[in-house]
Every structure is written in structure tokens, then in C-alpha cells.
Amino acid sequence: MDDDEILLTPGPVPVPAEVREAAARQVIHHRGAAFHQLYASVRSRLLPLFGGSGDPFLFPGSGTGALEAAVVNFFSPGDRVAAVVMGEFGQRWASIAESFGLEVRRYEVEWGKAPEAPQLAAWLDRNGPFAGLLLTYNETSTGAAADLPAIGRLARERSLPLLIDAVSALGGMPLEAERWGVSLVASASQKCLISPPGLALLWVAPGAWPQVERAGLPRAYWDLREARRAGERAETPYTPAVTLWYALEAALERIEAEGLESVYERHRAMAERWRRGLSRLGCSLLAEERVASPTVTAFFPPAGVEAPELLAALRGLGVEAAGGQGPLKGRIVRVAHMGEVGPEDVDRALELLGKALARLGAREAKA
Ligand code: PLP
């Protein structure tokens, strides 16, 4: 991407210059005092994003790696696991669990919607017992977010370990992981954490370590027990992606300076701004207001305009947005408002979207 391009893809997101510059620093050895300091700094700056308690860990990898790490560190061969599938990423996590031989029962939710806690609770009671519940906090493929506190409550009432995919949520949506009954969080660096891609993040609740110790699936690279042991020396078990740690540290300093609550509020406000703007342009929103994601919005173009041609027209105007996945492929457009996105960015993108629609002859478009 050149710097004039507007990147609206739901990850990776544009990385602030200061963060990119931090990644350009000279590499250091990861068994010395300088890395120990970096480890402590990143860890302490990450903790508030998870609600202040527990243990965060970083591995070189992507979000999908973090999802696999969650599975192998929590379950044993033959375990029965419940997976909420409300889009592409819920589907991916369920498949990963199956590829490790787990018996996965899917709780399917129509794409664009989010699970209703009472119905999910009844389904769990009918189909359980389960060794764990996999949930996508924010489904990037549809722009719908789950009611995490409510689902956390029902999981806790059933002593059911809750594992969440927070790849497009961490740093953009409130998360009080331990308080909300979450046992493990999987995430990645390239979305709300305004960092380059390349870091997989995992967080373990203080009370979840016995389950991590007991888990019987084969694990080596992703073994959180090794990560925890090395963490006691402020180190990682294997070579860390040091330059990405520098970048993440700089990104977390920016988040800290803005204030976590302000960051969350800004994400909510930008989502709302997008939704209003899209409706004005005659687009219809996939997710209802009640479940709308603060970090990504999916919409159908106005009648007479196909999503792929709209994406192409946007590209012609220097705007890179995303299309649909799975059953929504070719039908929707997705835009991200995660990271350092402000009102002027949203307004500029909406203006270009209006222009693209007008070029395509959309009846309702007002450029
Ligand atoms: N989970 C969610 C919710 C995501 O949005 C993504 C990526 O978009 C992933 C998992 C997979 O992450 P990665 O592409 O970093 O492997």
C-alpha cells in the first residue's frame, strides 16, 4: 500500500509512524537486561486491555496460530467442545479443534447475528457436558459482536471454561476477562493494537492454569507452560519477534496516552458514524444496531450495485475495503474502524464511497 491509499480492511490496519519507527530499531539479544525490560513494559501495558489480571503471552505468529494455541493448551484427545459459529472465524476455530480430534458441537447463529444468552444456555444444557466453550467475541466476517458479559455469566454458572477469539476486539472493545468469566483469550497484533502483523497473543486467567497443566493434546511451540516458565525470567521460551515487541510497546503507549475508556468510546462512536453514513448512502447494514461491532461494519450496497464492482470502484479511488466470506462472499462490503480512526477518516471514506456509488449509478447515492 502506498501512503495515499485508504486502508479500510478489517486487519491489518494502518500503523502510526511512531509505531513503524519503533519497529525499525536495532535488534537486541533476547536473553539480556534490555529485553527483560521490554518484556516487563509490554506485559504491564497489555494487562489493562485484558481487565488488569492474568497472564498475557506473545508468540511470533498470527491470530489463527493463537486459536490453535488455545485448543492445544486447553483440551485433551476426545474432549467434547461447544463452539459458537456466527461467521467465518467461529467456523475456523471449530475446524481447528476438529483437526486435533476434539468432538465439536457447533451452536450455529445466522451470519450477521449474535448468540442470545438464554437460548445458548438452554442449548448447552441440552447438549452438554462440554469441556469448554469457544466464542468469537467480535466476528470480523459479519460485523456482529457477542454479548460477552452475558455469555461469561452463563459459562461461569455451568463451570464451563470460556475461550474467546478477541482478534478484532482486543484494544478496541472493553474486556474484563477474569471478571467476565473468560479462561483464555486469543488475539493478534494487526488490528485494534495498531501494530504490524506478526504477533499472536494469548492470555490465561489465573484460575485456568490447572486446566492448561492437565491438557493432553500434543503441544510444543505453543506450549503455554513453557511460556509461563520463561516469563518468570521476563523471557520467552524461543526467539521473540523483538522488533514487533518494540512496535507493540509504542502502540500500547499511544493507547495508554489516549486512555482505554476513550479508545473504546471512540471505536463505538466511529462505528455509529459509519452506520449513519452508510444508511444515508442507501446501503443496508448486515448487523442490527443491538449487536453491531464497534470495530468493523458489513453492509449490502444499494439495489443495482454488486459488492465486487463497488470494491473495484473503491479501489479505483484509492480505497481498499474487504468483501464477504463464506455465504456472504460477493454480497457484502466490510469496512474497519479499528485502530487510530477518527471522524475525519470516516467522513473522507464515506465521501469516497458516495463517489464510487455515484459512478456505478446507484439511485440513492448522494456523492
Ligand atoms: N479471528 C478473527 C476474529 C479474525 O478477524 C481473524 C483475522 O481477520 C482471525 C481470527 C485470523 O487471524 P490471522 O489472519 O491473523 O491468522
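The entries go from the whole chain to single elements.

I am working with a predicted model, in which local features need pLDDT of at least 70 and side-chain atom pairs count only at pLDDT 80 or more, while totals for chains, interfaces and linings use all residues. Residues are numbered from 1 along each chain as its sequence is written, and side-chain values use heavy atoms, with hydrogens and water left out.

**Whole chain.** I counted 12 helices and 15 strands; these are DSSP runs numbered from the N terminus, helices being H or I with at least four residues and strands E with at least two. Along the principal axes, the C-alpha atoms fill a box of roughly 60 × 55 × 35 Å.

**Burial and charge.** I found 58% of the 367 residues buried, meaning under 20% relative accessible area with a 1.4 Å probe and protein chains only; exposed is over 50%, and partly exposed lies in between. For charge, I noted 39 positive and 45 negative side chains, with the centres of the two sets 3 Å apart. Lys and Arg count as positive, Asp and Glu as negative, and His and the chain ends are not counted. The charge is placed at NZ of Lys, CZ of Arg, CG of Asp or CD of Glu.

**Helix α3.** I looked up residues 63-74, and the helix reaches 17 Å from its first C-alpha to its last, close to the expected 16 Å. The expected span is 1.5 Å times one less than the number of residues. Because 10 of its 12 residues are buried, α3 is largely enclosed by the rest of the structure. Among the buried residues are Leu67, Val71 and Phe74. Their cover includes α4 (88-99), β9 (182-188) and α8 (224-231).

**Helix α12.** The 17 residues of α12 (343-359) should span 24 Å, and the end C-alpha atoms are 24 Å apart, which agrees. Its buried residues include Val346, Leu350, Leu353 and Leu357. β1 (6-7), α10 (260-280) and α11 (307-316) are among the elements covering the buried residues of α12. Gly361, which follows α12, has a positive phi near 80°.

**Glu110.** Is Glu110 buried or exposed? Glu110 counts as exposed because its relative accessibility is 55%. I placed Glu110 in the loop between β4 (103-108) and α5 (117-127). Its C-alpha is separated by 28 Å from that of Ala362, 252 residues apart along the chain.

Definitions and conventions
Contact means heavy atoms within 4.5 Å.
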